[in-house]
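Here is a walk through one protein chain, from its overall form down to a few of its elements. Keep the structure in view while reading.

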Amino acid sequence: MNILDKIVLDKRKEVDLKKFIIPVSQLEASVIFQRPTVSLANALRNSNSGIIAEHKRRSPSKSVINQKNSVADVAVGYEKAGACGMSVLTDGKYFGGSLDDLLLARASVQMPLLRKEFIIDEYQLLEAKAHGADVILLIAAILTRAEIKTLSELAKQLHLDVLLEVHDEEELHKSIMPSLDMLGVNNRNLKTFEVSLDTSKTLSKLIPDDFVKVSESGISSTEAIQELKPYGYKGFLIGENFMKTDNPGLSALQFIKSIKQ
Ligand SMILES: O=P(O)(O)OC[C@@H](O)[C@@H](O)c1c[nH]c2ccccc12
């Protein structure tokens, strides 16, 4: 079994359990559930840096990235740096994140927040909304077309933006539908962890222009951004390159400054 299948199996168990502990009625009753959301897709359309900076403590491919900085400090640093939005990993078992991280980020900044999670159930969208997310991630590799449709349509009803992530042509063809706002090309293969920016380059021409294009993973230099921009990318999701430093906010600031020059 590959790692992605394992993550999804664990996630199914986790979500089924959580439904018993915190019922939907309780999520919907939280004050934060009523908060007006902010669109990341719009922020990216109007930005020239396009950086979505991620909070990531560890990953299945790297056991320690950052165990030191608080999520609030990282969020404030990213916002001050001029990031368009922030991605917060909420998976605990494989990435060391939590929904509390999302809530703490929400309490610290105004910029759009993406709940970075393996979403397989509508319940997780309500959870995202109840913890201050503006955007949800849907991963084509773990969902059928019917599931992508149901989940993305519910997200739109909740006024959440949808970032749909693909890694190959087949996933892209399966996923295109009007209820998506952004199409993310993951340069990392989630089954093998291999990274190549060529994935973004090859798939870009197959993405219709009505979606905001986002290139995800393995971006560690401003040269990479300059290389990807001619392919129509407006968003760049960067985690490890910032999080592996002592001061993620400062490294994001330096990075963004050097794109604008
Ligand atoms: O740390 P990187 O290589 O800059 O990558 C960030 C982000 O793209 C990556 O964390 C990611 C992309 N898609 C995901 C899906 C699940 C978990 C994590 C991810």
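**From the whole chain to single elements**

Among contacts in the protein between residues at least 6 apart in sequence, 69% join residues at least 24 apart. The model is a predicted one. Its secondary structure consists of 12 helices and eight strands. The C-alpha trace spans about 50 × 40 × 35 Å along the principal axes. The radius of gyration is 17 Å, which agrees with the value near 18 Å that a compact globule of 261 residues would have. Of the 261 residues, 46% count as buried.

A UniProt record, an unreviewed entry, lists residues 4-248 under "domain: Indole-3-glycerol phosphate synthase". Over that range the chain is 40% helix and 17% strand, and the C-alpha atoms at its ends are 27 Å apart.

What pairs with β7? Strand β6, residues 182-186, pairs with β7 in the parallel sense over five bridges. Met 182 has Val 212 of β7 as its bridge partner. Between these two strands the chain passes through helix α9 (residues 198-204), and this β-α-β crossover is right-handed.

Strand β8, residues 233-238, also pairs with β7 in the parallel sense, here over four bridges. Lys 213 has Tyr 233 of β8 as its bridge partner. Together with helix α10 (residues 222-228), β7 and β8 make a right-handed β-α-β unit.

Helix α4, residues 71-81, gives a view of burial in a helix. Val 71, Val 74, Ala 75, Gly 77, Tyr 78 and Ala 81 are buried there. These residues cover an arc of only 165° around the axis, which puts them on the same side of α4. An α-helix has 3.6 residues a turn, so residues three or four places apart point the same way. After α4 comes Gly 82, whose phi is positive, near 95°.

Conventions: Residues are numbered from 1 along each chain as its sequence is written. This is a predicted model: local features need pLDDT of at least 70, side-chain atom pairs count only at pLDDT 80 or more; totals for chains, interfaces and linings use all residues. The radius of gyration is taken over C-alpha atoms; the globule rule is 2.2 Å times the number of residues to the power 0.38. A residue is buried if 20 or more other C-beta atoms lie within 10 Å of its own, exposed if 12 or fewer, and partly exposed in between; C-beta atoms are placed from the backbone. Two residues are in contact if their C-beta atoms, placed from the backbone, lie within 7 Å. UniProt positions are given in the numbering used here, feature names are shortened, and annotations may be inferred rather than shown by experiment. Two strands pair if DSSP finds at least two bridges between them. A crossover is right-handed if, with the strands pointing away from the viewer, the path from the first strand over the helix to the second runs clockwise. The arc is that of the directions from the helix axis to the C-beta atoms.
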